[in-house]
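Please read the numbered points with the sequence and the model in view.

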Amino acid sequence: MMEKIKNEKFSIIFALTFFVYPVMLFCNWAYYLGDYMCVIIAVMLTIYELVFIIFLRKKENVGFGKSIYLFFLYALISLNTIPLIMFAIDFVNGHQETAWFTGEPIGEHYYGWEAIMNDQWTQFIFKLTFPTLIFYLLICAIIKAVLNHKKKTKENVHSG
């Protein structure tokens with residue numbers, strides 16, 4: 001286990017960088033660290049992700065295509081955690097619509113499943129991000145199956 005972590009440390013850090021963005025949003029880092037510090041952290045994470053795709057992946061024998069695949073996979077999973085966390089917050093703390101410009105609360109305050117059903121904005125985000133993730137996973141599974149089939153037929157031709 002420790003050997004695997006040691007050998008794949010850049011890939012593990014690459015995966016973890018994508019989950020810092022939702023944490024920044026929901027742990028209110030902008031309040032505690034300041035907006036400029038959060039922007040600097042986000043820029044540094046993005047730079048690391050690009051450096052991994054361009055250079056560090058070679059140290060762990062990760063192909064360019066796989067690093068791009070992992071980039072979009074982690075990004076989509078990270079994007080999907082945001083509405084899920086928002087739904088959990090709505091379920092526990094409740095939801096109340098607010099006016100668009102003033103931010104003043106309007107209407108009733110909903111709790112539990114009703115809060116999730118009445119949070120239209122989060123539902124809109126989730127209806128965009130979740131099908132995109134599923135579509136991406138399906139496309140990647142199809143590509144992987146085609147590549148495995150080609151690899152097997154190529155091995156059968158060379159062995160026979």
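1. In this predicted model, strand β1 (residues 95-98) pairs with strand β2 (residues 105-110) in the antiparallel sense, over three bridges. Within this pairing, Gln96 has His109 of β2 as its bridge partner. The two strands form a hairpin, and six residues lie between them. Gly103, in the turn, has a positive phi of about 80°.

2. The aromatic side chains deserve attention next. A pair of aromatic rings is described by the distance of the centres and the angle of the planes. The structure holds 13 aromatic pairs. One of them joins Phe72 and Tyr136, a tilted pair with 6.5 Å centre to centre and 55° between the planes. Phe72 belongs to helix α6 (residues 64-93) and Tyr136 to helix α8 (residues 120-159), so this pair ties together parts that are 64 residues apart in sequence. The two residues can also be described by their accessibility. Phe72 is partly exposed, at a relative accessible area of 42%, whereas Tyr136 is buried, at 16%.

3. Helices α6 and α8 are also tied together by Phe87 and Phe126. The ring centres of Phe87 and Phe126 are 5.8 Å apart and the planes stand at 75°, so the pair is edge-to-face; the angle that counts for this class is over 60 degrees. Phe87 lies in α6 and Phe126 in α8, so the parts joined here are 39 residues apart in sequence. Phe87 is buried, with a relative accessible area of 12%. Phe126, at 21% relative accessibility, counts as partly exposed, because buried means under 20%.

4. Ring pairs also build a cluster, which links Phe14, Phe18, Phe52, Tyr69, Phe71, Phe72, Tyr74 and Tyr136. The tilted pair of Phe72 and Tyr136 therefore has both of its residues in this cluster.

5. A charged side chain is found over an aromatic ring as well. Lys9 lies over the face of Phe10, at 5.5 Å from the ring centre.

6. How many disulfides does a search of the whole structure find? The search finds zero. Cys27 is in no disulfide, and the nearest cysteine sulfur, belonging to Cys38, is 11 Å away; a disulfide would need the two sulfur atoms within 2.5 Å. Cys27 counts as partly exposed, at 43% relative accessibility. Cys140, by contrast, is buried, with a relative accessible area of 16%.

Note on methods. Residues numbered from 1 in each chain as written. Predicted model: local features only at pLDDT ≥ 70, side-chain atom pairs only at ≥ 80, totals over all residues. Heavy atoms only, no water. Buried < 20%, exposed > 50% of the residue type's maximum accessible area, 1.4 Å probe, protein only. Pairing = 2+ DSSP bridges. Helix = DSSP H or I, 4+ residues; strand = E, 2+ residues; numbered from the N terminus. Phe/Tyr/Trp six-rings, centres within 6.5 Å; stacked < 30°, edge-to-face > 60°. Lys NZ or Arg CZ within 6 Å of the ring centre and 35° of its normal.
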